[in-house]
Amino acid sequence: MGKATVLYNDKCPVCSFEIEHYRSLCSKRSIDLEFEKISVDGPVLMASHLTAEDAKKRLHLLTVDGRLLAGVEAFLALWAEMPGYRVLGRVVSMPGIYHLACLLYDKAVAPALFWWDSRRRK
């Protein structure tokens with residue numbers, strides 16, 4: 001595998017909006033990242049051994065060396081590749097801020113987005 005690949009929920013408007021922003025930035029700056037929709041049984045989803053349902057619960061990124069990162073760790077890896085986001089990544093990586101970001105994302109943001117998206121589709 002030659003590129004890091006972001007798995008994202010293309011059916012969630014918030015997720016899609018954010019990923020399209022990252023995709024556009026990558027295109028403009030020739031940043032070598034792939035973006036794979038969770039709604040399609042693509043190679044990254046298959047290799048991750050995640051169900052589509054579990055993959056939709058958090059952002060996931062498969063690194064070039066084959067590690068599957070989730071949540072804040074996935075964002076940090078994504079932001080590390082993007083000039084406009086590297087500073088944000090360094091700030092979020094700081095002790096204390098990192099732990100707060102993980103807590104907020106894992107316990108509030110990700111579950112709220114997943115809940116909202118699942119209710120929206122009913």
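V91 belongs to helix α5, which spans residues 86-92; helices (H or I, at least four residues) and strands (E, at least two) are DSSP runs numbered from the N terminus. The model is predicted, so that local features need pLDDT of at least 70 and side-chain atom pairs count only at pLDDT 80 or more, while totals for chains, interfaces and linings use all residues. Residues are numbered from 1 along each chain as its sequence is written, and side-chain values use heavy atoms, with hydrogens and water left out.

With residues up to four places away in sequence set aside, D117 touches N9, K11, C12 and P13; contact means heavy atoms within 4.5 Å.

An open sheet of four strands has the order β2-β1-β3-β4, with mixed pairing; strands pair if DSSP finds at least two bridges between them. Its edges are β2 (33-37) and β4 (68-70), each of which pairs on one side only. On average, neighbouring strands are turned by 25° against each other, direction ignored. Five bridges join β1 (residues 4-8) to β2 in the parallel sense, and T5 has E34 in β2 as its bridge partner.

Helix α4 (residues 72-80) lies across β1, β2, β3 (60-62) and β4, at about 110° to β4. Axes are lines fitted to C-alpha atoms, for helices over the stretch in contact, and angles run from 0 to 180 degrees between N-to-C directions.
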